[in-house]
Every structure is written in C-alpha cells, then in structure tokens.
Amino acid sequence: MKVFIITGGSDGIGAEMARQLAATHKADASLVIAGRSQDKLDAVAAQCEALGSQVLTVAMDVSDEAQCRDMVAQATARFGRIDALVNNAGISAQALFEDVTAQDLHWYESLMKVNFWGAVWCTHAALPHIKAARGHIVAVGSLAGLVGVPGRTAYSATKFAMTGFFESLRIEMKGAGVSVTTAFPGVVATQIRYRGYNAKGEPAGTSGLKEDNAMSVQECARLIIDGMNARQREVVMTAQGKVGRLLKLIAPGVVEQLALKALKNEVRPR
Ligand SMILES: NC(=O)c1ccc[n+]([C@@H]2O[C@H](COP(=O)([O-])OP(=O)(O)OC[C@H]3O[C@@H](n4cnc5c(N)ncnc54)[C@H](OP(=O)(O)O)[C@@H]3O)[C@@H](O)[C@H]2O)c1
C-alpha cells in the first residue's frame, strides 16, 4: 500500500492527481486530500473511493502551521506511513505592484503563507515519515518561479521561494533516498486565476493571462505523477518554459518580451 498526501486536493490539478493515482493504484493507494472546502473534498473522495482507493479528507488551511502539522498527524494515525507528499495547494494573484496601496499590501504576506510556508510546514511535519519510506516530495511550483512575470510580483516571489527551498532540500535528501521533484506548470485550464487576488486582495474574477493554449488539467497531473514516479528533479511543462529558462541566461530582454506577450492588453504595465 502507498500513502499519498495531496494538499489542494479539492480542486484543479490536485484533485486530478488524486483521481489519476486512484485509477492507477486502486486498492493499493491510500490518499489524504487536504483543502479548505469539505464539500469539494468529499466529492473528490467519492470519485477515488469508487476506483477502490481509501481516502482521508482533511479540511484545513495550509497558511496555519498547526493545521499543517495536524493534517500530517491525521494521515499517519489513519494509514501508518507516508510515501509521498504533494505540496500543491496554492493561490494566484495578478496586479501591477504600483497599483497595490499600502493598506492592501498585506496580502503579499498571505500569499507567501499559502504558497510557500504551507509547503514548508507540511514538508517539515511529513519528512521523518517520508524518509522512513524512502519516498517522494513533490512541489507544484510554476514557470513564474523560474522567470519573472509582470503583474505577478507576489505570485512569482512565492514560486521562486519554492524553487530555491526545494532545490536545496533535494540535495540534503539525496543520501536518504528521498526524491524531491519540482513541477513548473505553465498556463493550465483551472479556475486559479479567477479566484486569485487582484490589487485589493479580492478574488480577481477574471484572468490576466491569455488562456487559449492552456494545458489540460489531466495532462498536467499526468506529467507531475510521471515525474514523481521517475524521481525526476524537475518537470518543466511547456516548450516555451524550457526555452525561456535557457534563453534567460543569454538573452534576458527577449524573455522579458515573451513574458509581456503572455499578458492580456488590459493588464499590461502602462
Ligand atoms: N493552473 C495553472 O495555470 C497553474 C500554473 C502554474 C502553477 N500552478 C500551481 O498549481 C497548484 C494548483 O493550482 P490549480 O490550478 O489546481 O488551482 P485551483 O484549481 O484553484 O486549486 C487550488 C487548490 O488549492 C487549495 N487551496 C487554496 N488555498 C488553500 C489554503 N489556504 N489551504 C489549503 N488549501 C488551499 C484549493 O482548495 P480550497 O479552496 O478547498 O482550499 C484547491 O484545492 C498551485 O500551487 C498553483 O500555483 C497552477
């Protein structure tokens, strides 16, 4: 039996990863799916249980350290081990830095707590169990964690922080047989940008990015699972992302133009 914890397992990429793991491992998978919305967790759990897996749902907020530690404790109390932790819970944001008022700037810290600290706290709590299983840690970062994106000073900062944290941890864990895989999705067809913060820290209700070539959530989840299974260091998801990363070293101005082009006209810097 393999025990997988997925934060942000109630929707989007995390929910799809849970369904794909259940479809592959059936009764051999025990899934812990965590997120704030119990009703959404229940719906995903029912889909995975129908495929034969056991599921523990934990309604929790990753921006609270105690809730992260309690979620991991619940997982080990129920299943006795942890083979993989997928740090996927995240929120988005789209705002030009100069449009954020001093009164509203606090949401930059909230975003960091969810996207970065949530991953750090869950990983810290789960690490002894993952070491015992010589298992896997997965971080769902973003291409915005490799290349700065205009309108995403907050989001890019959280994802660059994840990139550095998990790159360092990967080397620390090498001798322990624990793999650390960082996934760098591009634009994936979920609701994340619509729910993400605007300059006031309210749900944006609209996406600032061009969505026409968005990757399907199924393909994104499959690439992350394949990367985890192969114990890959990184899963850089789009050709543009792979090229952009290298190009940044030799022609950063070109990459900046590409980053601007990814934005809809109405959210571009004035
Ligand atoms: N979609 C993309 O284009 C894209 C691109 C690059 C990277 N990513 C990354 O992929 C990950 C998943 O994104 P997605 O597109 O699947 O987004 P999504 O559909 O909005 O799902 C986000 C998940 O995170 C959970 N979540 C949000 N805040 C939370 C909190 N404070 N505590 C616990 N759970 C929380 C949500 O559940 P509740 O609302 O129930 O809490 C939900 O399950 C994120 O880390 C995101 O940054 C996405």
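Helices are DSSP runs of at least four residues, numbered from the N terminus, and in this predicted model Phe 79 belongs to one of them, helix H3.

View 1. Phe 79 is found in helix H3, and with a relative accessibility of 9% the residue counts as buried. Apart from neighbours within four places in sequence, Phe 79 is in contact with Met 1, Val 3, Ser 30, Leu 31, Val 32, Gln 54, Val 55 and Leu 56. Helix H3, which covers residues 65–79, packs on the sheet and touches E1, E2 and E3, its direction making about 155° with that of E3. Pro 150, although 71 residues from Phe 79 in sequence, has its C-alpha 43 Å from the C-alpha of Phe 79.

**View 2. The open sheet of seven strands.** The seven strands are arranged in the order E3-E2-E1-E4-E5-E6-E7, with parallel pairing. At the edges are strand E3 (54–59) and strand E7 (234–236), each of which pairs on one side only, and from one strand to the next the twist averages 15°. Strand E1 (residues 2–7) is joined to strand E2 (residues 29–35) in the parallel sense over six bridges, and Ile 5 has Val 32 in E2 as its bridge partner. Helix H7 (residues 217–229) lies across E1, strand E4 (84–87), strand E5 (136–140), strand E6 (179–184) and E7, and runs at about 150° to E5.

**View 3. Aromatic rings around Phe 116 and Trp 117.** The structure holds seven aromatic pairs, counted where ring centres lie within 6.5 Å. In the pair formed by Phe 116 and Trp 117, the ring centres are 5.3 Å apart and the planes stand at 70°, so the arrangement is edge-to-face. Phe 116 is buried, at a relative accessible area of 14%, whereas Trp 117 is partly exposed, at 37%. Ring pairs also link these two residues with Trp 121, Phe 165 and Phe 166 into a cluster.

**View 4. Arginines over aromatic faces.** Arg 152 lies over the face of Tyr 155, at 5.1 Å from the ring centre. Arg 245 is placed over the face of Phe 184, and here the distance from the ring centre is 5.9 Å.

**View 5. Cysteines without disulfides.** A disulfide is a covalent bond between the sulfur atoms of two cysteines. Zero disulfides are found in a search of the whole structure. The sulfur of Cys 48 has that of Cys 220 as its closest cysteine sulfur, but the separation is 16 Å and therefore too far for a bond; Cys 48 counts as buried, at 0% relative accessibility. Cys 122 is likewise in no disulfide, the nearest cysteine sulfur being that of Cys 68, 3.6 Å away, whereas the cut-off for a disulfide is 2.5 Å. At 1% relative accessibility, Cys 122 also counts as buried.

**View 6. Two loop residues with positive phi.** With a relative accessible area of 44%, Lys 26 is partly exposed. Arg 134, again not a glycine, has a positive phi of about 45° and is found in the loop that lies between helix H4 (107–132) and E5. Arg 134 is partly exposed, its relative accessible area being 49%.

Definitions and conventions: Residues numbered from 1 in each chain as written. Predicted model: local features only at pLDDT ≥ 70, side-chain atom pairs only at ≥ 80, totals over all residues. Heavy atoms only, no water. Phe/Tyr/Trp six-rings, centres within 6.5 Å; stacked < 30°, edge-to-face > 60°. Buried < 20%, exposed > 50% of the residue type's maximum accessible area, 1.4 Å probe, protein only. Lys NZ or Arg CZ within 6 Å of the ring centre and 35° of its normal. Pairing = 2+ DSSP bridges. Axes fitted to C-alpha atoms, helices over the stretch in contact; angles between N-to-C directions. Contact = heavy atoms within 4.5 Å.
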